[in-house]
Amino acid sequence: MNPVPVPGAQQARDTGQRADDHRVAVIGAGAIARDHVTAIAGVPGLRLAHVVDRHPERAAALAALAEGATWSTDPATAWSDAVDVTAVCTSPESHADLGVAALRAGRAVLLEKPAALSVPDTDRILAAAKTAGRPLLVAQTARFQPVHLEIARSVASGAIGTPRLAHLTWYTGHVWPGGWRGWQLDASRSGGHVAHNGVHALDLLTWLMDDEPVRVFARPCRTWAPGMPTPDSFQILVRFSRGALATIELCYALVERGTFVRRLMLAGTTGTLHHSSEDEPRTRSASPVAPASTEGAMTAQTRHLRDVLDGVAAPLTAPRQVRAALAAALAAQLSADESRPVDVKEVC
Amino acid sequence: MRILIASGVRHARDYVPLLRSLPGIEVIGCADTADSPFRDDSAALAAATGIPFLDLEQGLASCDIALVCSEPTRHADLAVTALEAGRHVIVDKPAATTTRDAQRLWEAADRSRGLLTAVHRLHSPQIARARRTVDSGAIGLPLAVDAEWLAAGGLDGATVERPELVCDPALSGGGELMNFGWYPALAIRYLTGLEVEEVVAFSSAAPHAPLFDGPHGAYGVEDAAVISLRLGNGVVATVTVARTPAGVGPAPVSSSLRVLGSHGHVLADEDAPAVTVRTAGGDSSAHQVAGPAATTALRLLFTEFCDDIRYGRTPLVTAADIHAAVAVAEAALSSSREGGAPVAPAVRTAGDSGALRRRRSAPVCGGSSSR
Ligand SMILES: NC(=O)c1ccc[n+]([C@@H]2O[C@H](COP(=O)([O-])OP(=O)(O)OC[C@H]3O[C@@H](n4cnc5c(N)ncnc54)[C@H](O)[C@@H]3O)[C@@H](O)[C@H]2O)c1
């Protein structure tokens, strides 16, 4: 069979490196860094150039995945002249300092969530990006899940009028690695679970509702072990500045690792949007396959990063959204810690 | 069983034809008090459905069951009257709008030889199935419940003939939180068997503006509320209730529930399972398997209650369950008035000792007694 030649197909298949590829340095060679590296390999125009981790073997192992990539344990090498964009993939406690250093060195920055562990630190990063005039993309990857991109398009097209009530339910079967040593369990490193993963949901709603949370109440639920220093699961009630309300339910209690139940109801002044992963054709297999509605988010985010670096798109995470979502997540963490509703301005 | 409609506003329009379709049930008439603000509605219901319009005393004297179907703030009064007349009573939802009234109801039920229950959705096939799943042990211990109850519009007269019956606190006791909070409060109790210890709610009641363009704002009541519950044993739940312009499913009211357990989870959607039908003209409709859940739930409620009476069983929803559900709605209203301050739901205050004796077997829906 003679395939019909597709214009551009040759170019798309060509993954060979080019001189003008954006050179990416990853700092923090852990689980999410591996996902970034896989995505980078699939997006032409980006190239993994360098890896940094405080553990040399992790840096070396990740660098080995990309031809020509170097590695180091020295953080400063992540924003050297041989690099165009620094992807900060460390655990949260170092995000602010590393992000600011890279921006000050003139690098574009892809910053893993949560952007920082305090609002002043977030402001420091946003100010550094502004002063440097370099792009900053915060890895709020949930925005890039196909279903959320579709919902955002529907909202933008006026399909439901103005969104006023959201009910977001995200259940997953995922236990953090590292046993009791995992940074996720240490609030001084993670910010607490409500902060570091609540920010995904709060960012998504901040973006979709085009509004900022002003008051939150969060309630923790420890499903894995009663003695956990931070809960694996939690719920957040949200009031937005223009009065909209939201219920967020994030639960890591699904028994089967790698499974998901995802649902979003968004009621607007003229209509309602609804998606449930239960309505999708699903794959059942020995190792679970993620629902199609969430698939490919990392690649979409990485392609967006390339577009940002190319100067053809502005970072999807606008500075005011980065600040609003993080402030709301920190307020929610405080609420969960102190069992009381918290005004977001209390943490600003 | 001879059933009297005790005040015929709101859902009576739907209840009468359904009751008449059930074998062994006779609707003997509709009655109301002389001073009822909705006496005309009751008379109109009688006329429209071709049943006699009776005096309340006269009606109570000749019925087995009084189905109290007035505006919500008068539910408790009418139900207490019927219980005191020795009748069995089904109260429309919410059975009471304050825990004071719920307690009066409970005390009256304790004194009466009549059985008391209230309109609920626990016989809805999906909720009943979720309960069976919990009871089987398949999902381990329930740890978190997430409930959503959404109505689609309807206050333009489409499903609620008089918006003030839902919006005027003097008639309704509150807005949509009072109107719908009842259902998820009972469902969560039914599925977990636990008491609610703390309630936090944000709502769109005054001083906030309603989320949608309905009549709620004129009365200062909420058209939406988001609620967080802490139950016994560290179990948590959320409730999202609202009247939204479009709703979320094919039915006028759609509800879904998610129960996460220590060893699995169960999902319930009252609109599912359904068969969708698409016509050549491009219309599409959903046909719920075994019919609309709301109708199934009501039909079973009526027939099971008749059997409860006949065979001396405890109804699925008792005075204790009514009190607990009202206490959750009341606590949510008060929390939302205080910007989401945590509120403990009221518990029954010490009454006569007979009441406490009865309580042992009372909370079938919520309590730990086996069934
Ligand atoms: N966007 C998403 O969807 C998503 C998903 C998972 C994790 N994350 C975020 O990614 C970040 C990393 O998470 P992870 O699961 O990959 O963690 P991880 O523990 O697997 O990896 C972190 C790595 O960073 C290294 N590191 C930590 N501090 C360092 C420092 N100061 N200098 C050099 N190296 C350092 C550690 O040695 C480790 O190898 C977190 O902020 C997390 O919230 C985001």
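Between domain 1 of chain B and domain 2 of chain B, the count is 2 salt bridges. The model is a predicted one, and a search of the whole structure gives 39 salt bridges over all chains.

**Domains of chain B**

- Chain B is split into domain 1, covering residues 2–118, and domain 2, covering 125–294 + 318–351.
- The centres of domain 1 of chain B and domain 2 of chain B, taken over C-alpha atoms, are separated by 24 Å.
- In chain B, 25 residues of domain 1 are in contact with 27 residues of domain 2.
- About 2400 Å² is buried between domain 1 of chain B and domain 2 of chain B, and carbon and sulfur atoms give 60% of this area.
- The side chains of Arg162(B) and Asp41(B) meet in a salt bridge, with an N to O distance of 2.8 Å.
- Between domain 1 of chain B and domain 2 of chain B there are also 8 residue pairs in polar contact, both residues being at pLDDT 80 or more.
- On the side of domain 1 of chain B that touches domain 2 of chain B, H5 and strand E6 (116–118) of chain B each supply at least two residues.
- H5(B) provides the largest share of that side of domain 1 of chain B, with 8 residues.
- By class, the side of domain 1 of chain B that touches domain 2 of chain B consists of 12 nonpolar, 6 polar and 7 charged residues.

**Domains of chain A**

- The domain assignment of chain A gives domain 1 as residues 22–139 and domain 2 as residues 142–347.
- Taken over C-alpha atoms, the centres of domain 1 of chain A and domain 2 of chain A lie 23 Å apart.
- Contact in chain A involves 33 residues of domain 1 and 30 residues of domain 2.
- The two domains of chain A bury about 2700 Å² between them, with 72% of it on carbon and sulfur atoms.
- Within domain 1 of chain A, the residues that lose the most area to domain 2 of chain A are Lys113(A), Val119(A) and Leu137(A), which together make up 22% of what that side buries.
- Across the interface of domain 1 of chain A and domain 2 of chain A, 2 salt bridges are found.
- Arg323(A) forms a salt bridge with Asp123(A), and their closest N and O atoms are 2.6 Å apart.
- The interface of domain 1 of chain A and domain 2 of chain A also has 8 residue pairs in polar contact, both residues being at pLDDT 80 or more.
- Helix H2 (31–42), strand E5 (108–112), helix H5 (119–132) and strand E6 (136–139) of chain A are the elements that give two or more residues to the side of domain 1 of chain A that touches domain 2 of chain A.
- H2(A) gives the most to that side of domain 1 of chain A, with 5 residues.
- The side of domain 1 of chain A that touches domain 2 of chain A has 21 nonpolar, 6 polar and 6 charged residues.

- Asp84(A) and Arg23(A) form a salt bridge in which the closest N and O atoms are 3.0 Å apart.
- This pair is 61 residues apart in chain A, with Asp84(A) in the loop between strand E3 (70–72) and strand E4 (85–88), and Arg23(A) in strand E1 (residues 22–27).
- Asp84(A) is partly exposed, with a relative accessible area of 23%, and Arg23(A) also counts as partly exposed at 23% relative accessibility.
- In chain B, the side chains of Arg104(B) and Asp77(B) meet in a salt bridge at 2.7 Å, N to O.
- Arg104(B) belongs to helix H5 (residues 99–111) and Asp77(B) to helix H4 (residues 75–84), and the two are 27 residues apart.
- Arg104(B) is partly exposed, with a relative accessible area of 27%, and Asp77(B) is partly exposed, with a value of 39%.
- Asp110(B) and Arg348(B) are joined by a salt bridge between their side chains, at 3.1 Å from N to O.
- Asp110(B) lies in helix H5 of chain B, while Arg348(B) is 238 residues away in the loop between helix H13 (319–337) and helix H14 (353–359).
- Both Asp110(B) and Arg348(B) are buried.

**A salt-bridge network**

- Arg219(A), Glu197(B), Glu198(B) and Arg230(B) are joined into one network by salt bridges that share partners.

Definitions and conventions:
Residues numbered from 1 in each chain as written. Chains lettered and ligands numbered in written order. Predicted model: local features only at pLDDT ≥ 70, side-chain atom pairs only at ≥ 80, totals over all residues. Heavy atoms only, no water. Salt bridge = Lys/Arg side-chain N within 4 Å of Asp/Glu carboxyl O. Helix = DSSP H or I, 4+ residues; strand = E, 2+ residues; numbered from the N terminus. Buried < 20%, exposed > 50% of the residue type's maximum accessible area, 1.4 Å probe, protein only. Domains from an automatic or database assignment. Contact = heavy atoms within 4.5 Å. Buried area = accessible area lost by both parts, 1.4 Å probe. Polar contact = N/O pair within 3.5 Å; in protein donor to acceptor, adjacent residues only side chain to side chain. Nonpolar A, V, L, I, M, F, W, Y, C, P; charged D, E, K, R; others polar.
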